[in-house]
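Hello,

Here is the structure I said I would pass on. My notes on its interfaces follow below it.

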Amino acid sequence: MARVLINLPKAKRGEIVEIRTLIQHPMETGYRPKGDGTSFPRDIIRNFVCKLNGIEVFRADLFPAIAANPFIAFTIKAEEGGTMTFSWIDDRGRSQTETADFIVE
Amino acid sequence: MMPSVAFTSMLSCAVAVSTVIAAAQTRDPRRSGFEDMSRESQAMQRDDTANPGMFAVLEGEELWRAKVGSRKTSCADCHQNAEVSMRGAAARYPSFSTAWNGPVDLQGQINLCRETRQNAPPFPLEGPELLALSAYVGKQSRGMSIAPPDDARLEPFRRQGEALYNMRQGQLNFSCANCHEDHAGQRLAGSLIPQGHPTGYPLYRLEWQGIGSLQRRLRGCLIGVRAEPYAYGAEEYIALELFLMSRARGMAVETPAIRP
């Protein structure tokens with residue numbers, strides 16, 4: 001669906017780390033006029049979920065008035081490492097899932 | 001012992017003061033728009049995983065390797081590794097093209113290459129592919145000083161650009177200099193008026209929610225003073241860019257920059 005940039009730092013056990021994600025998406029609000037009286041149909045990312053080893057650690061619902069290429073940053077407490085999956089779902093039902101290794105020392 | 005310690009510290013104090021004064025005297029009065037952005041926007045530009053302009057750079061990297069045209073050649077077939085061959089290229093543009101017999105900007109050069117070397121149709125101006133490829137090439141010069149070529153053939157065009165920069169136009173009858181020289185650092189409504197140095201193009205502008213070229217930025221200013229903007233690729237834009245780049249000589253390239 002799109003390009004994704006993820007900044008997932010290495011962590012020490014018990015440390016609070018900030019995870020930053022950026023995804024390429026137009027985030028069309030549905031209010032922008034086309035010039036023929038109609039509007040460009042709404043197409044925004046609705047939902048973002050981050051899971052660690054299959055367990056949900058962060059979720060966000062997105063709404064119109066969020067700019068294109070949404071940047072989502074959140075913190076988690078590093079207790080165990082493993083596979084982190086990030087998934088975004090948009091209005092057209094397209095979804096994008098990225099995985100990254102979360103290293104906890 | 002004591003007096004000599006006091007003397008040494010006084011001496012070092014005096015040296016420190018004189019270096020501060022020297023630094024103040026030699027400090028460049030020119031400011032990149034980066035320095036006047038909010039802390040958040042600056043952080044966005046500094047971090048490549050938070051800078052949405054990097055999407056264009058990644059796309060450009062793909063286009064660099066894509067084999068196109070009737071000869072099925074890619075940019076990489078001639079120029080190999082862009083990180084080596086394109087280092088400093090964006091800092092030298094616009095430059096004089098003998099093929100074109102006039103000045104070309106980086107985007108014009110990319111399209112010239114496409115037509116003459118790859119035998120492929122040129123990218124539409126201000127289209128996503130051309131912006132991506134010029135962002136990728138531009139990024140290879142990041143941190144380098146802007147170094148316009150000392151080419152006598154460019155001089156008349158640079159002078160034309162300077163004349164345009166100082167020429168009043170539009171219903172509001174403003175020249176570029178009216179804002180960007182006389183009132184730089186002050187505010188137009190809520191926005192800060194920058195000095196107008198083209199250090200980071202093509203850049204990701206938050207207002208555009210996308211990447212755009214210097215020509216798009218100039219177009220915005222022309223519309224702002226209610227003048228009729230030139231068509232994309234017009235020689236006036238190239239002339240203005242030539243002048244602006246010579247004005248920004250020595251400043252660091254920031255491509256892909258972030259601007260509000």
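**Chain A against chain B**

In this predicted model, 13 residues of chain A are in contact (heavy atoms within 4.5 Å) with 13 residues of chain B. The two chains bury about 1100 Å² between them, 57% of it on carbon and sulfur atoms; buried area is the accessible area (1.4 Å probe) that two parts lose on being put together, summed over both. On the side of chain A, Arg3(A), Leu5(A) and Leu22(A) lose the most area to chain B, together 51% of what that side buries.

Three salt bridges (side-chain nitrogen of Lys or Arg within 4 Å of a carboxyl oxygen of Asp or Glu) are found across this interface. One of them joins Asp47(B) to Arg20(A), with the closest N and O atoms 3.3 Å apart.

**The two domains of chain B**

An automatic or database domain assignment gives domain 1 (33-47 + 151-259) and domain 2 (53-139) of chain B. Their centres, taken over C-alpha atoms, are 22 Å apart. Domain 1 of chain B puts 20 residues into the contact and domain 2 of chain B puts in 22. About 1700 Å² is buried between these domains, with 74% from carbon and sulfur atoms. The count of salt bridges between them is zero.

**Conventions**

Residues are numbered from 1 along each chain as its sequence is written, and chains are lettered from A and ligands numbered from 1 in the order in which they are written. Local features need pLDDT of at least 70, side-chain atom pairs count only at pLDDT 80 or more, and totals for chains, interfaces and linings use all residues, while side-chain values use heavy atoms, with hydrogens and water left out.

Regards
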